[in-house]
Amino acid sequence: MEFVHVATPNSEPEMAVMVCLLDAYGMQHYVHNRGFGGLYPGMPIGQYNGRRIMVAAHQAQDAMELLAAFANAPVESDEDET
């Protein structure tokens with residue numbers, strides 16, 4: 001089975017919520033570096049201790065839509081800039 005990367009959590013609580021959402025919707029997933037990354041806490045550094053959530057390829061689009069709320073989108077302001 002092929003797994004594809006769909007999200008990179010910024011913290012342990014964020015990862016827990018993402019994984020719970022995937023579980024709730026019955027999506028097969030895998031957290032890359034879950035155990036090893038826990039040995040080296042602190043600032044996540046890519047493949048060294050960063051964690052990546054991966055899902056089965058056939059569920060990738062649904063998973064990305066489900067986790068879209070966690071995307072690091074810029075915050076837009078309604079106020080006029082002067």
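Q: What counts as buried and what as exposed in this predicted model?
A: The model is a predicted one. Relative accessible area sets the class: a residue under 20% is buried, and values in between are partly exposed. Exposed means over 50%.

Q: Is His-58 buried or exposed?
A: His-58 sits in the loop between strand 3 and helix 4 (60–66). The cut-off for exposed is over 50%. His-58 has a relative accessible area of 62%, so the residue is exposed.

Q: What distance separates the C-alpha atoms of His-58 and Met-27?
A: Along the chain, His-58 and Met-27 are 31 residues apart.

Q: What pattern does the chain follow along the sequence?
A: The chain holds four helices and three strands. Read along the sequence, they give β-α-β-α-α-β-α.

Q: Which residue of strand 3 stands opposite His-5?
A: Strand 1 runs antiparallel to strand 3 (residues 52–56), and four bridges join them. In strand 3, the residue opposite His-5 is Met-54.

Q: What share of the residues of the chain counts as buried?
A: A residue counts as buried under 20% relative accessible area. Of the 82 residues of the chain, the buried share is 28%.

Technical notes:
Residues numbered from 1 in each chain as written. Predicted model: local features only at pLDDT ≥ 70, side-chain atom pairs only at ≥ 80, totals over all residues. Heavy atoms only, no water. Pairing = 2+ DSSP bridges. Helix = DSSP H or I, 4+ residues; strand = E, 2+ residues; numbered from the N terminus. Buried < 20%, exposed > 50% of the residue type's maximum accessible area, 1.4 Å probe, protein only.
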